[in-house]
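Keep the sequence and structure in view while reading.

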Amino acid sequence: MDTRTGHHATGEALRHRIIENKINIVLFDNCVVVTMDPRRRILRNGAIAVVGSTIAAVGDRSTVRAQYPDEPVKDLKGWLVMPGLVDGHVHLPQALLRGAADELPLHQWMSSRIFVLEGVFTPDDAKVAARLAIVEMLKAGTTTFLETLVLGRHALGELAEAIAETGIRAVLPRAVGDGGGYLDEAPLNEGLREPPDVAMQDAVSVAEHWKDSEQIKIWLGPRSTGGCPEPLLREVVQTARGNGLGIAHHYAMTDREVAYLRRNFQATPGEYLQRVGLLGPDVVLAHCSGLPPEEIPYLAGTGTSVVTCPTGPVSCSTQASTSRSGPTPTPPTMAPTSSVTSSGSPICRSSATTTPPSCRPRPCSRWQPSAARVRSPWTT
Ligand SMILES: [Zn+2]
């Protein structure tokens, strides 16, 4: 399919285009193909024909080979070929900080180690960390990810260029905050503070540069509760909607956060989201581990996505929460979300379970096929 026009090329038209443009054709043969077609077929004796960057045919080996009898064949020897996975919650810079604070409770993990170390990052550090994280993601089959907090000191424009070179799809929300950290318990390091209006201008400017890209999306990422007061959060929502940007936000991570919302904003988590307008198909909320079940109706039906980060609550809850433990249950009435993955990449002690709206896997039109042995994505 032509992704610009959405039209399928006929066999004859495709052949002309191939000859005129010297497009490469490769037949990936002898593989198990997990499709994303309406019937979710798994073809145990499959083959895929790739023309340029377009999947031109998927099917039984004999059928596809008959369609492309003279093309180069790559024998995948029974490997699994599947659509790329999507990781919905990644912190690229923390790729370099793994193991630096694993023994600490959440608030100390943030304020006495991670914020301090991130507070001295240079743009080059951010690029090195991003490349490491992306290599790990690609090796695990992840082809799209959602970052959550790109800071001024990471140089969003440069970072986006470096990420684009890798070929992975990325959603990069620019962090916006007023200088506060998490609730009133984890102050932000001086090196992470920056004026919110500068951060939003940066996001809008870099987003304009990438506005036509299918690979890189720039969003806004208001800091967690405590780092982005209500008036600023409203401004972030307004700026994002005014510029067609999505929003990613850490939210309701712990029971203490829920209590903080009641104490400081006289609202339940759902009431607060509704009040500031932070609900909708352009919003991804990370964690929500502390979200009481009775709050789910505030989100249901709005199109809001929740990235539950199943491994995060195991750590955050046992160390930081007062009454909940174990992985976050997936709210059954939430807006439909796709499955996902863990890439094993550095991720706020977490990995994703849902897919941000703008990076849901698409039908195979521009899918870059990758082959991998059947194995757990956690064992890279
Ligand atoms: Zn996070």
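pLDDT is the predictor's confidence in each residue, from 0 to 100. Two residues are in contact if their C-beta atoms, placed from the backbone, lie within 7 Å. This is a predicted model: local features need pLDDT of at least 70, side-chain atom pairs count only at pLDDT 80 or more, and totals for chains, interfaces and linings use all residues. Residues are numbered from 1 along each chain as its sequence is written.

The chain averages a pLDDT of 80, and 76% of the residues score at least 70.

| Residues | pLDDT | Contacts beyond four places in sequence |
|---|---|---|
| residues 1–9 | under 50 | 11 contacts |
| residues 316–380 | under 50 | 198 contacts |

Where pLDDT is low, the predicted coordinates should not be read in detail.

Now the cores. A residue is buried if 20 or more other C-beta atoms lie within 10 Å of its own. A nonpolar core is a set of buried Ala, Val, Leu, Ile, Met, Phe, Trp, Tyr and Cys residues joined through C-beta atoms within 7 Å. The largest has 67 residues; L172, L220, V236 and I247 touch the most other members. Helix α4 (residues 123–139) gives the largest share, six residues. Helices are DSSP runs of H or I, at least four residues, and strands are runs of E, at least two, numbered from the N terminus.

Which residues of α4 are buried? They are A126, K127, A129, A130, A133, I134 and M137. They lie on the same side of α4, because they cover an arc of only 165° around the axis. Their cover includes β6 (85–90), β7 (142–147) and α5 (156–166).

Technical notes: Buried ≥ 20, exposed ≤ 12 C-beta atoms within 10 Å, placed from the backbone. Arc of directions from axis to C-beta.
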